[in-house]
Amino acid sequence: MRSLSSIAWRSLASRRLRSLLTAAGIALGVAVVFAALATDRGVDESIERAARDQVGRADLRVVAFEEGGLSAATLAAVRASEGVAVASPVVEHVTFAQVPDRPDLGLLVVTGIDPELDVQVHDYRLTAGVFLGRDTAESVLLPDEWARERGIGVGTEVTFPGAGGEATLRVIGLLAASGPARAHDGQVAFVLLGTARSLFALGDASSRIDLRLTDGTTVETAEQALEQSLRYEPYLLERTSDVAAAMRASAADFRSTTLLLAAIALFVGGFLIYNTLSMSVAERIHEIGLLRAAGATSGQITGLFLLEALLLGILGCAAGLLGGVGLAQAMATWVRSTGSVPLDALPIPPAGAVLAVGLGLFVTVAAALRPARRAAGITPIEALRSRSPQRSGFDPRLRWLIAIDVVVAIVGITLWPIATGGDQPAGGLARPYVVFALLVAVAIASPLFLGPLGRIAGLPFGALFRVEARLARGTLVRDRGRATLTLGALMVGLAMIVAIGTLAQGARRAGLAWLESVVPGDLVVRAVAPVPLDFADDLAAVDGVARVTPLRPFDIDMEGRGVDAVAIEPGAYDEAGALDFIAGDRGAALGALERGGAIVVPESEATRLGLAMGTRVRVRTGAGESELEVAGIVARSFPGRAGEAVFVGWRDARDLFGLRDATLFAVRTSAGAAPATVRAAMADVAGLYAMQVFTVEQVAAALDDQLGRIFGLFDALALAALVVATLGIVNTLTMNVYERVREIGILRATGMTRRGVWRMVVVEAGILGLAGAVLGIVAGVAIGVTTLLLSRTAAFQPPLDLPWPVIGAALVLGVATAMLAAYYPARVAAGTTIVRAVRHQ
Amino acid sequence: MSEPLARRGPAARLPAMVEIVGARELAKTYRLGNSEVQALRGVTLEVAGGEFVAFMGPSGSGKSTLLHLLGGLDRPSSGEVILDGQAISHLSDDDLTRLRRDKTGFVFQFFNLIPTLTVAENVGLPFLVAGRDPRSAENAAEIAAVLEWLELTGKERHRPDELSGGEQQRVALARALVMRPAVVFADEPTGNLDFTSGTEVLEHLFRSCVQREQTIVLVTHDAKAAAYADRVFFVQDGRILEEIVLGRREEHGAKPLIDRLAQLGL
């Protein structure tokens, strides 16, 4: 075996470029897998940490459903409930923080706590100063990092505006970044419960009550007891496990997509390895024949090629792990910048490293198995004849390779949770499997389309390079198996780019459609805390303003279920032509809202709740219960916590639900007035109530930017697969050149110049690239549309819209990538010595 | 096979015609690792238009090297090659390629057909490479004519792997002849064929010389093949040891050549 290992090593060393390209392909695949595993593990740990920080040691939480909060009677009932050991009331409210020379330090969530009770539920760690106590009514605790960034320390006085007036509080302590100090991304301040209630004019209400149960009391028992005793106002019961689950659900799409792209990187890597080792066998057919003639057994020949594959795999996996650490850090930085998925410090999961290396080595050796067996089956006579048999039809190599990739996908996806130490992405496994199945199906079907695709793809090249295109076109179908393997790898990378583009386009269009439909104006004014309704008059007085309409999202109890709602001025919507009615007359519906006793529901909620035109629904109000009639159904509405919001007129919002203030104002500018100019003029007025003014274009742009960052990350991972595919094209074209040495010789002898030979190889690559791009676009659109349909939820209904710029870019990318990959093989072909070529055997 | 046409008398040499390809003190040295191999040592010869000459000799004698240099497939280390009145040794690669395209045709031992092209497309390859449309009326007629002449009518749409060895070599010969080049160079054209197929190819080469006044330069180690030539140059150790004039003959038995070689002690 020692002599065989030296042969294996020397064979790799003598074809340095090809060995390095192949190892690079493996490395890239392993790096993407490891980076995805590490990022996934990081997200999981961050979610766990965030959930722990948020709920502490609480077993259950009672959360206020309405703006008015939980009353003192509810708190007393909770404390008296069976199984409750500790009930810690908490008030939370958003406001601005100010110091004398710096009026705007940013938003903070002011959290009022009972210090003696809350320390039994949450762990606070001080880095400086002292904790809150009974006599610290005018004191505040701030997160250390937030305070230091703003030059605030113990002793600084900070002013907080609120509905009950302003409060200037002294900083008595700074908190370490752990536990409740990490809530709301570390933008939180802690004061006494009474201080918060006074500041925000909340009376004796609480935003929520955190519960610890007595030993032996189960969560189910406690929930049943609470449901019996809490009858004062609507509330939600939250299990602490629900908090982590909700976070995981929001990150599920991201995690399942990174998992999918990692699997695809390995899928493409398998093509590369198979191609490379097949080439190696074909090139060394004489050497193999000699070894067999000299007495080497077929087992030894198999072992020789598997050893070569293993050496490449080890080299590739080692480089891949190193690269994976760097790639993971880059991915983490990018993910954090989007702010959409929680991610703290990135772990280096040992199990993840083992899985990434294991998968990389498995794919390498498994992809090498068939070429190795082929090599072992070569007889000395066959070696002397040295003619590769013509292959036709569906190549068994392709079936073998697809079988390997399917097994890898199933094993990898199944082992993923072990490697990441977390749960499977909630409902997220179906999508990767569906996408993978679609890719495999297109790969299997591609040999059938190779001939016609090659002819079609050859047409544009034939118009420019008639001679070279005619000669190049036939090469595509000469070895269908090899062409399909190469095409397949390119197709996969481009398919993912197009699929991601389709998803991004759908998400963008959904966002824009929502904006256009539900915002009756050109500007949006957002308040940190609710402001009086008559503030609209101050905004309307600004030059260039035609109309200001207040909006107020809130929650209602409808037929015993929590439903999101938004209070609107129906007249403003009628005037602006906003809202797309799909059932009911616009005028009649908005008129009914204006008069009261009616709601307009979005289609998603109508389906979810089984509502139709004319349905009468019972809602819990301050006075008891009322009935509202469904006056219309619209396509879209404001997104809420549980789904899209139902529209309620301000008359009902005031009379039934006691709302007197708004958190959003939609501003319609006068004809001829530029929204940006009006926005600038409005800034001073809006600043009085610490409100922010945005043009609708700014909101759309911010949405677009956020989506662009998320999808940009996925595009980068898909490009990694494309790079691996490009390495495969280099190998394939080099092999094609090698096999056609004599043909190239006769072409040169017949009078084709070196440049002509170079062009022929490059055109061949261009045809391959164009064919792969067409297949990739078809597959990508199919995957994108399927994924969009699978992604539709009550609150997210993206339209199906083809991303034509991305499709065009994929076409150009496919051709350009392939032609770039042809540079080296074309040089080799053009440099062929005629005499040696015509005598090549 | 068609009847051979009438010839001049035995051992009669063709009247002197214009030189179509020639060598002037041609030499070629190859570098193999640290050593040098002199494949050709100062060869001078002339081939007239319409002549059929053969280079014969043992393996490694330099006969193929001489053919490659005369055909512009390789460059000499010193000396000059004259092809259709033009010195070619110092032409640029592109100019040499164009000259080869216009003036020469090649037939090699291993056929060297393009497997993805049909017979007609393989024969039309020189037109394609020269930027001429093989499907134009004029060119298509030339292709059809040479295929008929080589008894390949009916095989136009076949691919090379559907033909026998002899048929493939005839297609290669058709490709070499279709543009009516100044010279056709054939390097061991029968080396990969059985006796019957090989004889057929040689007969076709001879007929092209007689009927189309095609100049043929043949390299062979086989006396039976060399016996088709008007003149035979015996090459050994990179030099022309002997020139044997056989003349244009009706019969191509190898005995006269073998006897002559024996007389010369070769």
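1. Buried residues are those under 20% relative accessible area, exposed ones are over 50%, and partly exposed ones lie in between (1.4 Å probe, protein chains only). By this criterion Glu575(A) is partly exposed, with a relative accessible area of 46%. Arg547(A), at 23% relative accessibility, is likewise partly exposed.

2. The model is predicted: local features need pLDDT of at least 70, side-chain atom pairs count only at pLDDT 80 or more, and totals for chains, interfaces and linings use all residues. Residues are numbered from 1 along each chain as its sequence is written, chains are lettered from A and ligands numbered from 1 in the order in which they are written, and side-chain values use heavy atoms, with hydrogens and water left out.

3. Overall composition of chain A. Chain A contains 28 helices and 20 strands, where helices (H or I, at least four residues) and strands (E, at least two) are DSSP runs numbered from the N terminus. Of the 841 residues in chain A, 55% are buried. A contact requires heavy atoms within 4.5 Å. Among contacts in chain A between residues at least 6 apart in sequence, 82% join residues at least 24 apart.

4. The interface between the chains. In chain B, 31 residues are in contact with 25 residues of chain A. Together the two chains bury about 2,500 Å², 60% of it on carbon and sulfur atoms; buried area is the accessible area (1.4 Å probe) that two parts lose on being put together, summed over both.

5. A salt bridge places a side-chain nitrogen of Lys or Arg within 4 Å of a carboxyl oxygen of Asp or Glu. Between chain B and chain A there are four salt bridges, one of them joining the side chains of Arg470(A) and Glu121(B) at 2.8 Å, N to O. Nine residue pairs are in polar contact between these chains, both residues being at pLDDT 80 or more. A polar contact is a pair of N or O atoms within 3.5 Å; within protein, one must be able to donate a hydrogen and the other to accept it, and residues adjacent in sequence count only if both atoms are side-chain atoms.

6. Elements on the chain B side. Two or more residues of the side that touches chain A come from each of α1 (63–70), α2 (93–103), β6 (104–107) and α4 (125–129) of chain B. The largest share, five residues, is given by α2(B). By class, this side of chain B has 13 nonpolar, seven polar and eleven charged residues. Here Ala, Val, Leu, Ile, Met, Phe, Trp, Tyr, Cys and Pro count as nonpolar, Asp, Glu, Lys and Arg as charged, and the others, Gly among them, as polar.

7. Salt bridges in the whole structure. The search over all chains finds 39 salt bridges. Glu575(A) and Arg547(A) form one of them through their side chains (2.8 Å, N to O). Glu575(A) lies in helix α18 (residues 570–576) of chain A and Arg547(A) in strand β12 (residues 545–558) of chain A, so the pair ties together parts 28 residues apart in sequence. A network of salt bridges links Arg547(A), Glu569(A), Glu575(A) and Arg668(A).

8. Buried salt bridges. The side chains of Arg740(A) and Glu764(A) meet in a salt bridge of 2.7 Å, N to O. This pair links distant parts of the chain, 24 residues apart: Arg740(A) is in the loop between α23 (696–739) and α24 (741–750) of chain A, and Glu764(A) is in helix α25 (residues 754–791) of chain A. Both Arg740(A) and Glu764(A) are buried. In chain B, the side chains of Lys28(B) and Asp74(B) form a salt bridge of 3.5 Å, N to O. Lys28(B) in strand β1 (residues 19–32) of chain B and Asp74(B) in the loop between α1 and β4 (78–83) of chain B are 46 residues apart. Both Lys28(B) and Asp74(B) are buried.

9. Helix α3 of chain A. The buried residues of α3(A) (residues 72–80) are Thr74(A), Leu75(A), Ala77(A) and Val78(A). Viewed down the axis of α3(A), these fall within an arc of 165°, so they line one face of the helix; the arc is that of the directions from the helix axis to the C-beta atoms. They pack against β1 (60–64), β2 (84–96), β9 (208–213) and α7 (219–229) of chain A.

10. The loop residue Ser89(B). Ser89(B) is found in the loop between β5 (86–87) and α2 of chain B and counts as buried at 9% relative accessibility. A polar atom of its side chain lies 3.1 Å from the backbone nitrogen of Val81(B).
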